[in-house]
Amino acid sequence: MKGLGQVFKAVTSAMIGVGKKEDLAKDFARTEKQGPWAYIIVGLITTFAFIGLIIVAVKLVLP
């Protein structure tokens with residue numbers, strides 16, 4: 001579960017554009033060992049959640 005938390009942290013920090021070079025290097029090293037699938041899946045889930053949040057916010061604001 002700790003690995004999934006790190007993947008989620010890496011994906012969310014990449015989405016909002018903040019992060020350290022050291023963390024980026026660790027993420028690339030981890031991707032070479034495990035493969036990129038965890039990052040791809042978490043990235044897709046986070047993207048769809050963000051789009052859903054925007055849709056809900058717009059529907060609440062506009063009648």
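Helix H1 (2-16) and helix H2 (21-34) each bring at least two residues to the lining of the largest pocket; helices here are DSSP runs of H or I with at least four residues, numbered from the N terminus. This is a predicted model, in which local features need pLDDT of at least 70 and side-chain atom pairs count only at pLDDT 80 or more, while totals for chains, interfaces and linings use all residues. Residues are numbered from 1 along each chain as its sequence is written, and side-chain values use heavy atoms, with hydrogens and water left out.

Let's stay with that pocket, whose volume is about 440 Å³. Among its 18 lining residues, Ala10, Ser13, Asp23, Leu24 and Asp27 are the closest to the centre. (A pocket is an open set of points on a 1 Å grid where a 1.4 Å probe fits, with protein on both sides within 12 Å along at least five of seven lines; lining residues have an atom within 4 Å of a point.) H2 gives the most to the lining, seven residues.

Now turn to the largest nonpolar core, made of Val7, Ala10, Val11, Tyr39 and Val42. Such a core joins buried nonpolar residues through side-chain atoms within 4.5 Å. H1 and helix H3 (37-61) each supply at least two of its residues, and H1 has the largest share, three.

Thr46 lies in H3 and counts as buried because its relative accessibility is 14%, the cut-off being under 20% with a 1.4 Å probe and protein chains only.

Notes: Points joined across faces, edges and corners; volume = space filled by probe spheres on them. Buried < 20%, exposed > 50% of the residue type's maximum accessible area, 1.4 Å probe, protein only.
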